[in-house]
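Dear colleague,

Please find below the structure that I am handing over to you. I would be grateful if you could read the notes that follow with the model open.

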Amino acid sequence: RKALLIGYDAHDNPSEITLKNVYTDIEKYKSYLMSPKGGAWDEEDEIKIFNNVPLSLLMDIRENIKDENPDVALIIVTGHGLYSKECRCRKFQLNKDEKVCEKNLVGIAPKEIFIWDSCSNIVSERIQISEKLTDVEIDKILNEEVYEKAKKIYENKCSLCEPQCTRLYASKVDTSAQDEDGGVYTSALLEVAENNSEIDIYNAHYEAEKIVKDVTIRSPYGMQEPSILFDKGIKHFLPWAINVKSSRI
């Protein structure tokens, strides 16, 4: 398995709003994935983090990872983004001068989760709101045996899933994704993981969607509406949270 966590806060771009919490979101995702509940991903071998990365370098790394033939891939982008009519897909701002189409990020593995916490407007824009969600607290005082068990449980659940590419978007096409101490959608997804003993990515999205709508329904910028794209006929979606305590290997 491989995870790509890609962020850009636009601190070097005077034409964009600086998103101070992008790297906080990246660290939250990394901490969650490394926790037993998130699947006990290995920081050195399985998780790759990119901030303000050149497009050519990212594409080279993507191809190198694809050549390793991973069974499962998790691709997360957080920062500035938009929807391109020309590409007919969302595009993510990698650095001051370059963007990448989502279709050039997916396709690394036969089983994938793609999480997009960025605006989907025709013109990229990030907005601040006053509401705040509780951060997920990751328990780091766990012994090695628990982590090894979590790895096996996670991988077993993934092996039971059909090939798929489930794409999660923080906002619908031509709408904004809102931010308060991190992306509202990211905070909601992690809150769902914390509040459920076990849940797959499909159901996690819909629970997160409810949270996001509740948080933003009174926002002066309008209610944020996440969306999801998945393969029809999938019976077993990839896991988002696993229950290490009650599961048997």
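The model is predicted, so local features need pLDDT of at least 70 and side-chain atom pairs count only at pLDDT 80 or more, while totals for chains, interfaces and linings use all residues. Residues are numbered from 1 along each chain as its sequence is written, and side-chain values use heavy atoms, with hydrogens and water left out.

Helix packing

Two packed helices are described by the angle between their axes and the distance between the axes. Axes here are lines fitted to C-alpha atoms, for helices over the stretch in contact, and angles run from 0 to 180 degrees between N-to-C directions. Helices (H or I, at least four residues) and strands (E, at least two) are DSSP runs, numbered from the N terminus.

Helix 1 (residues 22–34) and helix 4 (residues 184–195) have axes that come within 11 Å and cross at roughly 20 degrees. This makes helix 1 roughly parallel to helix 4; angles under 35 degrees count as roughly parallel, over 145 as roughly antiparallel, 65 to 115 as roughly perpendicular and the rest as oblique. The crossing of helix 1 and helix 4 is left-handed, a term used if the near helix is turned anticlockwise from the far one by less than a right angle, with right-handed used if clockwise. On helix 1 the contact (heavy atoms within 4.5 Å) is made by D25, K28, Y29 and Y32, and on helix 4 by T186, S187, L189, L190 and A193.

Helix 4 also packs against helix 5, at an angle of about 130 degrees and with the axes 8 Å apart. That angle makes helix 4 oblique to helix 5. The crossing of helix 4 and helix 5 is right-handed. Residues of helix 4 in this contact include Y185, A188 and V192, and those of helix 5 include A204, I211 and V215.

Aromatic pairs

A pair of aromatic rings is described by the distance of the centres and the angle of the planes. The whole structure holds 9 aromatic pairs; rings of Phe, Tyr and Trp (its six-membered ring) pair if their centres lie within 6.5 Å, and planes under 30 degrees apart count as stacked, over 60 as edge-to-face and the rest as tilted.

In one of these pairs, the ring centres of F114 and W116 are 6.3 Å apart and the planes stand at 45 degrees, so the pair is tilted. F114 and W116 are both buried, where buried means under 20% relative accessible area, exposed over 50% and partly exposed in between (1.4 Å probe, protein chains only). Ring pairs link F114 and W116 with F92 and Y169 into a cluster.

The rings of Y202 and F230 have centres 5.2 Å apart and planes at 90 degrees, so this pair is edge-to-face. Y202 lies in helix 5 (residues 201–216) and F230 in the loop between strand 12 (227–229) and strand 13 (239–241), so the pair ties together parts that are 28 residues apart in sequence. Y202 is partly exposed at 24% relative accessibility, and F230 is partly exposed at 22%.

Backbone positions

A40 is not a glycine, yet A40 has a positive phi of about 55 degrees. A40 sits in the loop between helix 1 and strand 2 (47–51) and is buried, with a relative accessible area of 2%. K149 of helix 3 (residues 144–159) is 109 residues from A40 in sequence, and their C-alpha atoms are 8.7 Å apart.

N52 is likewise not a glycine and has a positive phi of about 55 degrees. N52 is in the loop between strand 2 and helix 2 (55–67) and is partly exposed, at 28% relative accessibility.

Yours sincerely
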